[in-house]
Amino acid sequence: MKKVELYTDGACSKNPGNGGWAYLLKYKNLQKENFGGEAETTNNKMELTAVIEGLKALKEPCIIDLYTDSRYVLDGATVWLKNWKSKNWLKADKKPVLNVSLWQELEKLMAPHQITWHWVKGHAGHQENERVDFLACQGRDLYKPM
């Protein structure tokens, strides 16, 4: 399997508000990046969407080092998801899990890959994290009012 690096970020002005997502994929000397946004969304939705879109860009199962500054996405994917599913998408406090359709899509997209999750501190000078932050803000800014 190919070994790739995937960097993701989401951005939101206000929360909820206009939001953007971005990813950067690295494979050997190659890089691919993409971004987008939505008019009325949340930061957590954009963080999830960034990972989803990055995984969608992969054409075959890969070994992935996935970097995010979102504890929500990292903890959700590595710890909470299994429990949420077993409890019919309810959290420990018996309230419904937010963004269920995104979590379900993420789970399906993760399945064929071997993913190692890495948390990086946002806005701390990490080159690739700064790049996806910049792109996510561009995606968010596509929806700024005129």
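Me: How are H1 and H3 oriented, roughly parallel or roughly perpendicular to each other?

Reply: Start with the rule: angles under 35 degrees count as roughly parallel, over 145 as roughly antiparallel, 65 to 115 as roughly perpendicular and the rest as oblique. Axes are lines fitted to C-alpha atoms, for helices over the stretch in contact, and angles run from 0 to 180 degrees between N-to-C directions. Helices (H or I, at least four residues) and strands (E, at least two) are DSSP runs, numbered from the N terminus. In this structure, helix H1 (residues 43–56) packs on helix H3 (residues 100–110) at about 30°, the axes being 10 Å apart. H1 and H3 are therefore roughly parallel to each other.

This is a predicted model, in which local features need pLDDT of at least 70 and side-chain atom pairs count only at pLDDT 80 or more, while totals for chains, interfaces and linings use all residues. Residues are numbered from 1 along each chain as its sequence is written, and side-chain values use heavy atoms, with hydrogens and water left out.

Me: Which residues make the contact of H1 with H3?

Reply: Contact means heavy atoms within 4.5 Å. H1 contributes Lys45, Leu48, Thr49, Val51, Ile52, Leu55 and Lys56, and H3 contributes Leu102, Trp103, Glu105, Leu106, Leu109 and Met110. For classes, Ala, Val, Leu, Ile, Met, Phe, Trp, Tyr, Cys and Pro count as nonpolar, Asp, Glu, Lys and Arg as charged, and the others, Gly among them, as polar. That gives nine nonpolar, one polar and three charged residues in the contact of H1 with H3.

Me: At what angle do the axes of H2 and H3 cross?

Reply: The angle is roughly 95°, and the axes of helix H2 (residues 71–86) and H3 come within 11 Å. H2 and H3 are therefore roughly perpendicular to each other. On the H2 side the contact is made by Tyr72, Val73, Gly76, Ala77, Leu81, Trp84 and Lys85, and on the H3 side by Trp103, Leu106, Glu107 and Met110. By class, the contact of H2 with H3 has eight nonpolar, one polar and two charged residues.

Me: Where is Lys95 found, and which residues does Lys95 touch?

Reply: Lys95 is in the loop between H2 and H3. Not counting residues up to four places away in sequence, Lys95 touches Trp89 and Leu90. Its C-alpha atom is 20 Å from that of Thr78, which is 17 residues away along the chain.

Me: Which residues does the cis peptide bond join?

Reply: The bond joins Asn15 and Pro16, with omega about 15°. Pro16 lies in the loop between S1 and S2.

Me: What is the phi of Lys14?

Reply: Lys14 has a positive phi of about 65°, although Lys14 is not a glycine. Lys14 is in strand S1.
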